[in-house]
Amino acid sequence: MTGNLFLDILAWAGIIFACFLFFLLVVLKIVRHYVHFPAPAFVTVFIASRLRNVSQPPNLVASWLGLEKGMKALEIGPGYGTFTVQASKIVGESGEIHALDIQPKVIKNLTAKIEKLGTKNIFLVVGDAYNLPFGDKTFDVVFMVAVLEEIPDRQRALAECKRVLKDGGLLCVGELFPDPDYPLMKTVIKECEKAGFVFEKKFGSWWHYLVRFRK
């Protein structure tokens with residue numbers, strides 16, 4: 001009897017916790033709909049948690065980016081560098097990974113991490129997606145994970161991505177549920193096609209995916 005009571009309490013606790021999370025996500029979604037701001041720098045450490053790495057494996061996501069040795073790629077909104085580091089391993093010493101974030105604190109934290117790892121082919125810069133500090137047709141690949149929906153004027157940002165991409169270059173957009181800004185895959189495809197990109201391939205499932213486009 002005691003065992004059954006314990007299981008009942010555990011089940012109800014799980015239901016209540018799930019309802020609380022759902023309510024919290026709904027509230028955050030509503031707030032984010034009206035107020036746009038990037039994820040605070042201190043959140044990036046939690047975003048790069050072990051649970052995140054299990055639900056969205058960095059090596060798997062990096063393998064979807066279409067990167068090859070010697071390529072030059074740009075990541076917008078690198079956070080704690082979860083995918084930045086994996087991408088740098090793929091392009092190798094002859095390649096380059098440039099990571100841009102609008103928050104100086106994010107770049108400062110990531111700089112410390114990169115220096116500790118001793119990685120030499122990652123280059124960090126503070127900037128915004130509306131005015132990328134790079135020349136036309138600079139990169140083979142531009143990618144962002146759980147970032148696009150945080151940008152208020154997505155078409156303006158995508159136009160900049162298109163500008164800095166080489167002809168035939170790749171744009172990769174990844175998302176993860178339950179990010180408060182999480183969009184459906186079809187929403188991302190529609191947004192990027194509107195900006196003139198050509199859909200090429202999709203990876204993952206509805207809750208953890210990456211969509212690849214060609215310029």
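Predicted model: local features only at pLDDT ≥ 70, side-chain atom pairs only at ≥ 80, totals over all residues.

Author: An α-helix has 3.6 residues a turn, so residues three or four places apart point the same way.

Helix α6 comprises 14 residues (residues 104-117), and at 1.5 Å a residue it should span 20 Å; the end C-alpha atoms are 20 Å apart, which agrees. Just beyond α6, Gly-118 adopts a positive phi of about 80°.

The sheet comes next. Seven strands form an open sheet with mixed pairing, in the order β3-β2-β1-β4-β5-β7-β6. Its edges are β3 (122-126) and β6 (198-205); each has a single partner strand, so one side of each is left without a neighbour in the sheet. From one strand to the next, the twist averages 20°. Helix α6 packs on this sheet, where it touches β2 (96-101) and β3, and its direction makes about 160° with that of β3.

Elsewhere in the sheet, β4 and β5 run parallel and are joined by six bridges. Val-145 stands opposite Gly-174 in β5. Another helix, α8, lies across β5, β6 and β7 and runs at about 20° to β7.

In soluble globular proteins, nonpolar side chains tend to be buried together. The largest nonpolar core here has 29 residues, and those with the most contacts inside it are Leu-74, Ile-76, Val-142, Leu-171, Cys-192 and Phe-197. Two or more residues of this core come from each of β1 (72-76), β4 (139-145), α7 (154-164), β5 (165-176), α8 (185-194) and β7 (208-214). Another core, of 22 residues, lies apart from it and includes Trp-64, Val-91, Leu-110 and Ile-114.

Within the largest core, Cys-192 is one of the residues with the most contacts. Leaving aside neighbours within four places in sequence, Cys-192 is in contact with Leu-148, Leu-158, Leu-171, Val-173, Phe-197 and Phe-213.

Note on methods. Residues numbered from 1 in each chain as written. Heavy atoms only, no water. Helix = DSSP H or I, 4+ residues; strand = E, 2+ residues; numbered from the N terminus. Expected span 1.5 Å × (residues − 1). Core = buried A, V, L, I, M, F, W, Y, C linked by side-chain atoms within 4.5 Å. Buried < 20%, exposed > 50% of the residue type's maximum accessible area, 1.4 Å probe, protein only. Contact = heavy atoms within 4.5 Å. Pairing = 2+ DSSP bridges. Axes fitted to C-alpha atoms, helices over the stretch in contact; angles between N-to-C directions.
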